[in-house]
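Hi there,

Here is the structure I promised to pass on.

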Amino acid sequence: MSFKDDFLWGGAVAANQCEGAWNIDGKGISCADICTGGSHKKAKRITPELEKDTFYPSHEAIDFYHRYKEDIALFAEMGFKVFRFSIAWTRIFPTGEEEKANEKGLKFYENVIDECLKHGIEPLITISHYEVPFALTQKYNGWASREMIDIYLKYCEAIFNRYKGKVKYWLTFNEINGATCSFGGFLSQGILNEGTTDLMNQVDIPKVRFQALHHQFVASALAVTMAHEIDSNYKVGCMIAFAPMYPLTCAPADVLAATERNHLINWFCGDVQVRGAYPKYLDRYFSENGIEINFEPEDKAVLKEGIVDFYTLSYYSTGCATADKDKIMTNGNLFGGVNNPSLKASDWGWQIDPEGLRYTLNEIYDRYQIPLMIVENGLGAYDEIEKDGSINDDYRIEYIRQHILQMHEAVLDGVDLIGYTPWGCIDLVSASTGEMAKRYGFIYVEKYDDGSGDLSRRKKKSFNWYKKVISSNGENLE
């Protein structure tokens with residue numbers, strides 16, 4: 001109906017949520033490796049010293065490290081054109097500051113890339129996806145230090161050179177705008193302020209967090225420039241967690257509240273990475289919150305030169321903003337906001353809004369006029385295995401069907417949409433809660449929140465449905 005012939009259908013995962021093998025073949029400890037399991041009712045704890053008899057879900061995850069051939073074969077069976085995955089920084093540089101890259105780590109990802117290419121699948125690689133080397137947290141408090149820029153660029157140089165000619169698409173930081181909120185301090189930036197004990201209730205110092213975000217902007221821009229110098233075929237994108245805020249009512253105060261939240265959460269990081277400069281609308285926010293960004297003399301030119309080639313986003317839900325301080329925040333929206341009375345919600349409280357995706361894609365494309373890709377979208381849900389072994393996840397099929405229909409509409413509206421990679425195409429550990437029960441995949445993995453399970457894979461009903469979607473280039477959604 002509307003998608004380009006070369007539209008990139010696929011799926012997405014992250015290293016710390018699927019690989020396991022947390023201390024194998026020279027891998028160092030990442031920030032994800034010191035987070036315990038949790039649930040949507042109980043936050044993940046951050047334990048700088050690993051505790052005996054405590055479950056750390058990233059340590060084994062779903063063991064993609066040893067099963068990648070089996071998993072990529074299943075992706076190929078579905079017809080994937082692209083597979084988004086991340087590189088674990090600590091597989092390449094265990095502490096971040098080694099003189100030479102770890103050959104076993106480089107070789108592992110080369111094998112994963114080659115396996116994708118063997119099946120005709122385009123690799124889409126996220127360079128940093130919620131796994132800052134913990135040694136850099138201990139030494140520098142993560143991205144709070146400008147020292148991190150050169151450390152990150154050394155890592156980029158190693159992988160850009162190693163995979164030249166095999167990879168086309170790169171993303172510099174996963175959901176970089178997560179750092180506009182307090183939970184992103186540790187998750188995204190590796191910042192561990194004194195007194196922080198769990199992921200969702202961090203001791204937050206906003207001026208430190210926003211300075212760290214500036215360091216990431218500079219690092220991203222320099223990485224874009226480096227990538228283009230190493231291989232002119234490289235395309236480097238940003239990745240934004242887009243969570244639109246509607247006004248709760250048509251009251252002007254609510255409209256302004258929504259504008260302010262959208263500026264900070266949804267537009268700020270994209271404006272820097274696509275337009276190459278800080279937007280003026282942030283001046284007031286910084287001033288009123290005691291935030292002053294320290295720029296080095298060259299930073300403005302660096303940001304302008306290192307703008308991205310394409311824009312990617314995660315899209316799961318929307319929220320509402322209001323000036324009424326008495327309204328209760330919704331549980332599921334990590335970026336804040338209140339419930340939209342017009343929408344239903346998932347089991348984790350994330351409000352389901354397919355039409356919001358069409359709105360989002362139009363808004364982004366109108367603003368930037370560069371190719372867009374949805375690199376995360378999906379429904380985290382409880383899945384049950386029936387007596388006959390089947391998993392009838394019609395709720396997931398319906399969720400994705402409705403979002404693809406709105407992608408159709410956005411393309412017909414004129415949006416240059418080039419790809420779609422639903423999140424957790426195979427079940428994996430949740431980033432926010434550290435649980436397996438919140439399943440997204442088309443492929444079920446026998447792994448449970450107490451650490452049990454034989455890690456076997458089985459196809460859900462959605463597996464064959466998505467296969468049909470891909471083979472019809474998004475036309476057959478029945």
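How much space lies in the largest pocket? About 690 Å³. Before the rest, a word on the source: this is a predicted model, in which local features need pLDDT of at least 70 and side-chain atom pairs count only at pLDDT 80 or more, while totals for chains, interfaces and linings use all residues. Residues are numbered from 1 along each chain as its sequence is written, and side-chain values use heavy atoms, with hydrogens and water left out.

**Pocket and cavities**

Both terms rest on a 1 Å grid over the protein atoms alone: a cavity is a set of points where a 1.4 Å probe fits but cannot get out, a pocket is an open set with protein on both sides within 12 Å along at least five of seven lines, and lining residues have an atom within 4 Å of a point. Grid points are joined across faces, edges and corners, and a volume is the space filled by probe spheres set on the points.

The largest pocket is lined by 24 residues, of which A257, E260, R261, Y285 and K325 are the closest to its centre. Helices α9 (252-275) and α10 (282-288) and strand β8 (319-321) each give at least two residues to this lining, and α9 has the largest share, with five. (Helices are DSSP runs of H or I with at least four residues, strands are runs of E with at least two, and both are numbered from the N terminus.) By class, the pocket lining has 12 nonpolar, five polar and seven charged residues; here Ala, Val, Leu, Ile, Met, Phe, Trp, Tyr, Cys and Pro count as nonpolar, Asp, Glu, Lys and Arg as charged, and the others, Gly among them, as polar.

The model also has nine cavities of 30 Å³ or more. The second largest cavity has a volume of about 140 Å³. Its lining is made of 16 residues, and N16, A32, C35, K44 and A431 are the closest to the centre. Two or more lining residues come from each of α1 (15-18) and α7 (184-189). The lining of this second largest cavity divides into 10 nonpolar, five polar and one charged residues.

**Helix pairs**

Axes here are lines fitted to C-alpha atoms, for helices over the stretch in contact, and angles run from 0 to 180 degrees between N-to-C directions. Contact means heavy atoms within 4.5 Å.

The axes of α6 (residues 147-162) and α8 (residues 206-230) come within 10 Å and cross at roughly 25°, so the two helices are roughly parallel (angles under 35 degrees; over 145 is roughly antiparallel, 65 to 115 roughly perpendicular and the rest oblique). Their crossing is right-handed, which is to say that the near helix is turned clockwise from the far one by less than a right angle.

F64, Y65, Y68, K69 and I72 of α2 meet F108, N111, V112, E115 and C116 of α4.

Finally, α12 (residues 354-368) and α13 (residues 394-412) pack at about 30°, with axes 8 Å apart. The crossing of α12 and α13 is right-handed.

Best wishes
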